[in-house]
Amino acid sequence: MCGRFTLFEADKVLSREFGVSNIPPLSPRYNIAPSQPVATVREGPAGTGRELALLRWGLIPSWSKDPSIGNRLINARAETAREKPSFRNAFRRHRCLIPASGFYEWKRQERGKQPYFVRMRDGRPFAFAGLWDRWESPDEGFIETCAILTTAPNTLLAPIHDRMPVILPPTEYARWLDPALLNTESLAPLLVPFPPEGMLAFPVSSRVNAPTVDDEKCIGPLP
């Protein structure tokens, strides 16, 4: 699964990497947790190009009667998301990129779980394959939410966890975001583990376990 991640690049870097011209100021984040706002990239209204939108992490399907379902839908399994009612419509019509600088996974050990920070070897930001939806609240109006697709781990992540987020290569961003692409079967080849040789993983302090802790010390490697 993917339950925490980071995004701390400057706006101009995100603009270059993800093809978004107008990015609102974003504070560096070192411990993004479910239910919090996350930056997403999606196609804007016809002819306007890509836009960056802040969506709540935890997908609430448009048809849901209970918004608390979003607490359970922070991730969507790539193997079943195309058919599962909670994600089926979003997979077909509401795909997005979720930019990240890195993410955390927890390895089970005798003395509890050890958090690991995972990032690209070259230090560049990357994008999770994401889904989003719009739910109408009787009190708050429309609420837009998102989820991160996950897949089997690559050989780097397998000793740490049995799942990892789907990371899209930049060459496939346009294809993933294409609103005219409704044949979701054709997207299946993208939903695979990212090549391990392009990634690094190392243990970090357990202070990241607390979602209220959000600073650069979260990603510092243990001695």
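Which residue stands opposite M164 in β11? T151 does.

## About the model

This is a predicted model, where local features need pLDDT of at least 70, side-chain atom pairs count only at pLDDT 80 or more, and totals for chains, interfaces and linings use all residues. Residues are numbered from 1 along each chain as its sequence is written, and side-chain values use heavy atoms, with hydrogens and water left out.

Helices and strands here are DSSP runs, numbered from the N terminus (helices: H or I, at least four residues; strands: E, at least two). Strand β10 covers residues 141–151. Two strands pair if DSSP finds at least two bridges between them. β10 and β11 (residues 164–165) pair antiparallel over two bridges. β9 and β10 also pair antiparallel, over eight bridges. A hairpin of three residues joins β9 to β10.

Look at single bridges next. W57 has C146 as its partner in β10. N75 is bridged to I148. G130 is bridged to I148 as well.

## How covered is β10?

Buried means under 20% relative accessible area, exposed means over 50%, and partly exposed lies in between (1.4 Å probe, protein chains only). By that rule, nine of the 11 residues of β10 are buried. T150 is in this strand. T150 counts as buried because its relative accessibility is 2%. Contact means heavy atoms within 4.5 Å. Not counting residues up to four places away in sequence, T150 touches M1, C2, N75, A76, R77, A78, E79, R163, M164, P165 and V166.

## The nonpolar cores

A nonpolar core is a set of buried Ala, Val, Leu, Ile, Met, Phe, Trp, Tyr and Cys residues joined through side-chain atoms within 4.5 Å. The largest one here has 61 residues. F5, F103, F128, L149 and W176 touch the most other members. Strand β9 (residues 126–137) gives the largest share, seven residues. A second, separate core has 10 residues, among them Y30, F202, V204 and I219. In soluble globular proteins, nonpolar side chains tend to be buried together.

Now take L149. Leaving aside neighbours within four places in sequence, its contacts include A76, F91, L131, V166, W176 and L191.

## A sheet of five strands

An open sheet has the order β2-β1-β7-β8-β13, with antiparallel pairing. Which strands stand at the edges? They are β2 (29–32) and β13 (199–203). Each has a single partner strand, so one side of each is left without a neighbour in the sheet. Neighbouring strands are turned by 25° against each other on average, direction ignored. That angle is taken between axes, which are lines fitted to C-alpha atoms (for helices over the stretch in contact), with angles running from 0 to 180 degrees between N-to-C directions.

Inside this sheet, seven bridges join β7 (residues 102–109) to β8 (residues 112–120). One of the bridged residues is W106, whose partner in β8 is P115.

## Helix α1: two sides

Helix α1 spans residues 11–18, and its buried residues are V13, L14, E17 and F18. These residues cover an arc of only 105° around the axis, which puts them on the same side of α1. The arc is that of the directions from the helix axis to the C-beta atoms. An α-helix has 3.6 residues a turn, so residues three or four places apart point the same way. On the other side of α1, K12 and R16 are exposed.

The buried residues of α1 pack against β1 (5–7), β3 (37–43), β4 (50–57), β6 (95–100), β9 and α3 (173–177). After α1 comes G19, with a positive phi near 65°.

## Aromatic pairs

Rings of Phe, Tyr and Trp (its six-membered ring) pair if their centres lie within 6.5 Å; planes under 30 degrees apart count as stacked, over 60 as edge-to-face and the rest as tilted. The whole structure has 11 such pairs. F8 and Y30 are stacked, at 5.0 Å centre to centre and 15° between the planes. F8 lies in the loop between β1 and α1 and Y30 in strand β2, so the pair ties together parts that are 22 residues apart in sequence. F8 is partly exposed at 27%, whereas Y30 is buried at 12%.

F126 and F128 form an edge-to-face pair: 5.5 Å centre to centre, 75° between the planes. F126 is buried at 3% relative accessibility, and F128 at 0%.
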